[in-house]
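Me: I would like to learn how to read the packing, the strand pairing and the open space in a model such as this one. Could you take me through them in turn?

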Amino acid sequence: RALALNPSPRALLLVDDIARKFKHKQVKNGALRALDDAAKALGISREELDDRIVPDLGFDANMQRTVDYGARVFRVTLTPSLDLEVFDDSGKKLKNLPAPGKKDDETKAAAAYDAFKQMKKQLKTTVSSQKARLEYALSAKREWGVEAWTNLFVKNPLMHQFAIGLIWGVYEGGRLAQSFRYMEDGTFNTQEGQEYTLPEQARIGLVHPVELSDSEKAAWKEQLADYEITQPVEQLDRPVYRITEEEKGTQKLTRFYDKEVNGASLVRSLLSVGWERGEILDGGCYDNCCRSDHKFGAVLTFSGVGVGYENVEITIEELYFTVKEKPCLLEEVSERYFSEIVLQIARIVGD
C-alpha cells in the first residue's frame, strides 16, 4: 500500500508486478487491494489505472532515447519487435552500448550508463506485464474509447510498438463492425489495404480470430507478412474452439472428461492465467478451480487434491460456465469467452 501511494508510475508497476507474479495468496491479494485503493483515490477504474502507469522508459515519439556520455552521445532506438538498437553519433549501429571510457565525462557517463542498464531491466519487466495485459484484453474483450486508446497506444512509445503488430476492431453494440490496423506512420488501414478513418465515438478492442472468417484472417496475415511484422502476442494464429451442435442445450462440457493430469501442474497452470482454487472442503481438500470475469465465469471440476498435497495424478471431470455466477447453457456464453476458456484448459491437459 505504501508503494501504491507513491506518485511514481514505476512504484505502481512494482505493485502490479507483485499482483501478477507472487504465488502467495495473501501477498497477491494485498497488492491487488493496494492497486484498487490507488484507483479509487484517483477516481478511475483499475483498468484505467493500469493504462496510466505504463512507462515511456525515456523514449520520445520517434521511439528514440539519447544516452549522453559528455564526449560521446549515443542514440538508442526501440524497434517494432521491442528490441533495443544502439547507434553512435555518426549513425553507426553498435552491438551494445559501450562502457564509459577515459575521454568521457566520468560523472555524466557513469550516470547515463547506469540509467541505461536500469532501463533495460525495466523494459523486460514492462514488456512482460503488457503482454499479459494484452492477452487478458484479447480474452476478456476489453474496449477503449478513442481518446483512451490514443493516449495508450499512440502516444506511449512502448505501447505504440505493440499496437502496430496487432489487429484492432471497432465494436458497435458489442459486435465487430470493422477490423483495422494501426500503421507505423499513424494512419489506419483495412485488410484490403485501404485507408480507414477511425470514427470519433468508436469503441476499440483487440479482434479475436473467432470473429474473423478464414479469408479475413488470411488477408490480415498476408498484410503483416508484407510488412515483416511478427505479432507481439498470439492473435491471428490463436487456436479457436466452438460449441458443437451436440453440446448445445447442455450445461456441462465433457471434452476433457477422464483426462489424467498431475494435480500440482494443473492447479499451478490455472492459477497463472487467473483461476482460483475452489472451496476447501473437509480434510483440507478441494475438487475444482474457478474464475469470474465480469459477466461470465467458469468452473473446472476434477477428482480432488489436498491443499499442499497436489502433486498426485488426478482425473478431469467437467467444465461448466456461469452467467452472473449461476450455471448456464453453453450457448449462452460468448463465442470469445468459450474459446478462450477451452483454450486455456486444452493447453494444460491436451485437446
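**Packing, strands and a pocket**

Reply: Let us begin with one side chain: leaving aside its neighbours within four places in sequence, F153 is in contact with L134, W144, M159, H160, A163, W168 and Y182, where contact means heavy atoms within 4.5 Å. This is a predicted model, in which local features need pLDDT of at least 70 and side-chain atom pairs count only at pLDDT 80 or more, while totals for chains, interfaces and linings use all residues. Residues are numbered from 1 along each chain as its sequence is written, and side-chain values use heavy atoms, with hydrogens and water left out.

Me: To which nonpolar core does F153 belong, and how many residues has that core?

Reply: A nonpolar core is a set of buried Ala, Val, Leu, Ile, Met, Phe, Trp, Tyr and Cys residues joined through side-chain atoms within 4.5 Å, and buried means under 20% relative accessible area (1.4 Å probe, protein chains only). Here F153 and W168 have the most contacts inside the largest core, which has 43 residues. Its largest share, nine residues, comes from α5. Apart from it lies another core of 31 residues, including L266 and Y286.

Me: How many bridges join β1 to β2, and in which sense do the strands run?

Reply: In a regular strand the side chains alternate between the two faces of the sheet. Strands (E, at least two residues) and helices (H or I, at least four) are DSSP runs, numbered from the N terminus, and two strands pair if DSSP finds at least two bridges between them. In this case β1 (residues 64-68) and β2 run antiparallel and are joined by five bridges, with R65 having V76 as its bridge partner in β2. The two form a hairpin with four residues between them, and G70 in the turn has a positive phi of about 90°.

Me: Which element gives the most to the lining of the largest pocket?

Reply: Rolling a probe the size of a water molecule over the atoms shows where empty space is left. On a 1 Å grid over the protein atoms alone, a pocket is an open set of points where a 1.4 Å probe fits, with protein on both sides within 12 Å along at least five of seven lines, and lining residues have an atom within 4 Å of a point. The largest pocket holds about 1,800 Å³ of space, a volume being the space filled by probe spheres set on the points, which are joined across faces, edges and corners. Of the 50 residues that line this pocket, the closest to its centre are R20, L271, S272, V273 and G274. The helix α5 gives the most to the lining, with 10 residues.

Terms used
Buried < 20%, exposed > 50% of the residue type's maximum accessible area, 1.4 Å probe, protein only.
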